[in-house]
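This briefing is prepared for a reader who has the sequence and the structure at hand. Please consult both while reading the points below.

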Amino acid sequence: MLVSGAALLLACASFIAYDLVSFRQATIYNLSIQAQIAGSNAVSALLFDDQSSAEKTLSALQVSPNIISAGILALDGKPFAAYSRDNSGRTPELPRLATGQSETYRFSGGTVVLVRSIVFQGKSTGTIYIQSGLEALYSRLRLYAGISAIVLAVSLLVALLISPIFQREIAGPIVQLAEIAQLVSRDKNYSVRAAPADSCDEVSVLVGAFNGMLSQIQERERALQKAHDELEQRVQERTTELDNTNKELEAFSYSVSHDLRAPLRAIDGFSQALLEDYSEKLDSSGQDHLQRVRLAAQRMSSLIDDLLNLSRVTRSEMRREKLDLSAVVRSIAEELQRGTPSRKVTFVIADGLKVEGDSRLLRVAIENLLGNAWKYTSSHDSARIEFGLHQPNGRPAYFIRDDGAGFDPLYSNRLFGAFQRLHSMAEFPGTGIGLATVQRIIRRHGGDIWAEGAVEKGATFYFTL
Amino acid sequence: MDDNVILLVEDNPDDEALTLRALKKNNIVNQVVVARDGSEALDYMFGRGNYSDRDASRLPQVILLDLKLPKIDGLEVLRQLRSDQRTKLAPVVILTSSNEEQDRFKGYDLGANSYVRKPVDFNQFIEAVRQLGLYWLVFNERPPVGRR
């Protein structure tokens, strides 16, 4: 509204201004013509010094209603004849004619004065001036101003009346669309829709497309949510399954832990009772049998313990935390030395090797590895057990090395099998589950374990985490 | 007489025989009362049922409690003993095959004084009983009687 009003105003103003300028020009032109006519009529009066004739000529100007006064000046500038409408005899102030200038005019005080030199046969014979009022100009100005004001008012009124209609038809739906778009993006509520437009024009097309888009988004949202829910449910089901399996495994271990041991106790106990109470009745062979029975029962008990440990390692929750591996190795080494203080073993432990992993499980792994190193060096007088970091190219690996009995690399693939042993029970005790346990622990940490060794030249176990 | 009783709560007759043998081997001559399930143990301790003529305020010197028992299991027996004023202070040693962490936790949580695992090796068992006997029957000071 403001814009159209301003434009209209500008247009009217420029028209009026142009018109006024051209009207002014026309007025001057008219005056000039009248001055020329009157001047040439008064030539003879000037030449023959006929004042009354000149005045008669001038008084003809009274036909023109705007002319206030007119006058003729002689060559010397003295007034020769004059005419004034109101007979007051006043002469206006006249602009001077510059040399060579035949005509000039001046606007002042609501009138315009035109001065023209009278020329007869190429020679200047006098000057004529005409003073005209500007009422015509002013009344024209007033008229035009009035007309344009009315036009402006009417058109603004009409615009005022029409604009609500346009608003409703065009701007309205668009604003509503914008509001809904904002609402949707803020609240993420895709179920709102824009009200459909009645008209069958571009606006309704826009609204239709917008609604279509919202429907699509809503559909996608729904499908996404459904997929998400399905996934959640599946995860839930799997987790329950896993929990159940774990619980079953726990119940199994528990029952093993309890129920398998009791009969073993009886076997061992009563064999011992036999040995003690009936030793006179038993020869050495008989006693030997009973001893074997006892040993077998005890061995079965260790096997059960080891199996349970192995399964516990697999089942238990892993908790990753920062751990000083060097410290763990050191503490286990000290424990081993305390257990058999008579043994001469040198420990070379690299300091400050920090890793991330489950502290309990890693401790079990180190116990097994160091325990093995301790055990398999027991046949030597002195031993050297090392722990450190081995970094040949890029991938760092920790190692535990001993200089004990070692193993035949031919059988290295059996090292980590459960209950697999490369030595007889007579040489070194054990169930053969230690390395299998270590491997499982290392694997659970995402690492790998391998070994190098030679018979009687010790063994080195490398592992990554 | 009653004050030096060892209450052995054990359902397995083999284990019972072996425990008695181990006690004998260690020259422990206290009277041993054997309860073969949880409810029998509670009957004895509270002086009811078959033991209704027993004075419940006289606590045995130590109770050797197995966990896996028919009818009422060991942990439940322990819980009931600990929740009764009369038997709250009785020394209880859990003697069981299980080394499961949850059993140990529950045992201590319910107020057992000690938790000992029964070894399979009989010689070790004898040694364990010797140590238990030495500690609970000789060194350990009994809780005072008759306090409410």
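The model is predicted: local features need pLDDT of at least 70, side-chain atom pairs count only at pLDDT 80 or more, and totals for chains, interfaces and linings use all residues. Residues are numbered from 1 along each chain as its sequence is written, while chains are lettered from A and ligands numbered from 1 in the order in which they are written.

**Chain composition**

- Chain A comprises nine helices and 12 strands; helices (H or I, at least four residues) and strands (E, at least two) are DSSP runs, numbered from the N terminus.
- Chain B has five helices and five strands, and these elements follow the order β-α-β-α-β-α-β-α-β-α from the N terminus on.
- Of the 465 residues in chain A, 22% are buried, a residue being buried if 20 or more other C-beta atoms, placed from the backbone, lie within 10 Å of its own.
- In chain B, buried residues account for 36% of the 148 residues.
- Of the contacts in chain A between residues at least 6 apart in sequence, 60% join residues at least 24 apart; two residues are in contact if their C-beta atoms, placed from the backbone, lie within 7 Å.
- For chain B, residues 24 or more positions apart supply 67% of the contacts with a separation of 6 or more.

**Helix H6 of chain A**

- Helix H6 (residues 284-315) of chain A contains 32 residues and reaches 46 Å from its first C-alpha to its last, close to the 46 Å expected at 1.5 Å a residue; the expected span is 1.5 Å times one less than the number of residues.
- A:Arg294, A:Ala297, A:Ser301 and A:Val313 are the buried residues of H6(A).
- Helices H5 (202-277), H8 (359-376) and H9 (434-444) of chain A are included in what covers these buried residues.

**The sheet of chain B**

- Five strands of chain B form an open sheet in the order S2-S1-S3-S4-S5, with parallel pairing; two strands pair if DSSP finds at least two bridges between them.
- Strands S2 (32-35) and S5 (114-117) of chain B are the edge strands, each pairing on one side only.
- Strand S1 (residues 6-9) of chain B pairs with S2(B) in the parallel sense over four bridges, and B:Leu8 has B:Val34 in S2(B) as its bridge partner.

**Contact between the chains**

- The contact takes 15 residues from chain A and 16 residues from chain B.
- On the chain B side, helix H1 (13-25) and helix H5 (122-139) each supply at least two residues, and the largest share, four residues, comes from H1(B).

Definitions and conventions: Buried ≥ 20, exposed ≤ 12 C-beta atoms within 10 Å, placed from the backbone.
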